[in-house]
Amino acid sequence: MEEVMAEEEKVENNIGCSQRGIDLELHIHVHLNDENQVGRAALLLASTTTPDSENELKRELLQNGWRSVATEVGGLAGDLPQKITRALVGASLNAGVVEKTRNEMHALMHAAVEALEGFLTVGMLEASVGAKIAIVRNDRWIAVAVMGDTAYHAVANHERCGLGVMHI
């Protein structure tokens, strides 16, 4: 087991938070030498809760040749498909995660559709949503992860996530 977690094979993202005076630290490992871990990396990036932890993970991904970006969207679930499309395409192009080619845009959109199907369910049109979208890619794969909160009423919100992975 120790060999699998060898220092040179992992990226460690420490997310610290304090709740009721207790310091919690979460250690997350992504094996960047395994190109099939792109979905896990996207989920981890979408899970970051501070700019520092987000930037640290993006730096680690970039050092290993992976490109990534994160953005946020919010509003009523019924209005989100258009907002999400603009946000993820714009962020991905602006950050150089994808190029404006048929193959790359096709893979991005299919991964996004898959992620959204896992995140939003039919009948949630009036639910309020706040979500972070992360896009991570390596040479062969692209992943879109959506993580956030949904609620029909502010006191009844809960976390949700969705993930889509597509071959480029």
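**Notebook: sheet, helices and pocket**

I began inside the sheet, where G74 stands opposite G130 in β4. I noted that this is a predicted model: local features need pLDDT of at least 70, side-chain atom pairs count only at pLDDT 80 or more, and totals for chains, interfaces and linings use all residues. Residues are numbered from 1 along each chain as its sequence is written, and side-chain values use heavy atoms, with hydrogens and water left out.

**The sheet**

My terms here: strands are DSSP runs of E with at least two residues, helices are runs of H or I with at least four, and both are numbered from the N terminus. Two strands pair if DSSP finds at least two bridges between them.

I then went through the pairs. β3 and β4 pair in the antiparallel sense over ten bridges. β4 and β5 also pair in the antiparallel sense over ten bridges. They form a hairpin with three residues between them. In β5, T150 is the bridge partner of V129. Strand β5 (residues 141-151) pairs with β6 in the antiparallel sense, over ten bridges. There I found I142 opposite M166 in β6.

How enclosed is β4? Eight of its ten residues are buried, so β4 is largely enclosed by the rest of the structure. Buried means under 20% relative accessible area, exposed over 50%, and partly exposed in between (1.4 Å probe, protein chains only).

**The helices**

I checked helix α4 (residues 102-119) next. E104 has its place in α4. E104 counts as buried because its relative accessibility is 12%. Leaving out residues up to four places away in sequence, E104 touches V97, V98, E99, R137 and I168. Contact means heavy atoms within 4.5 Å.

I moved on to helix α2 (residues 51-63), where L57 lies. Is L57 buried or exposed? At 2% relative accessibility, L57 counts as buried. Its C-alpha atom is separated by 9.2 Å from that of S68, eleven residues apart along the chain. L62 is also found in α2. L62 counts as exposed, at 56% relative accessibility. The C-alpha atoms of L62 and V136 are 74 residues apart along the chain and separated by 10.0 Å.

Last, I looked up the largest pocket. It has a volume of about 290 Å³. Of the 15 residues that line it, A46, S47, T48, T49 and M147 are the closest to its centre. The elements giving two or more residues to this lining are α1 (38-47), α2, β4 and β5. The lining divides into four nonpolar, six polar and five charged residues. Asp, Glu, Lys and Arg count as charged; Ala, Val, Leu, Ile, Met, Phe, Trp, Tyr, Cys and Pro as nonpolar; the others, Gly among them, as polar. A pocket is an open set of points on a 1 Å grid over the protein atoms alone, where a 1.4 Å probe fits, with protein on both sides within 12 Å along at least five of seven lines; lining residues have an atom within 4 Å of a point. Grid points are joined across faces, edges and corners, and a volume is the space filled by probe spheres set on the points.
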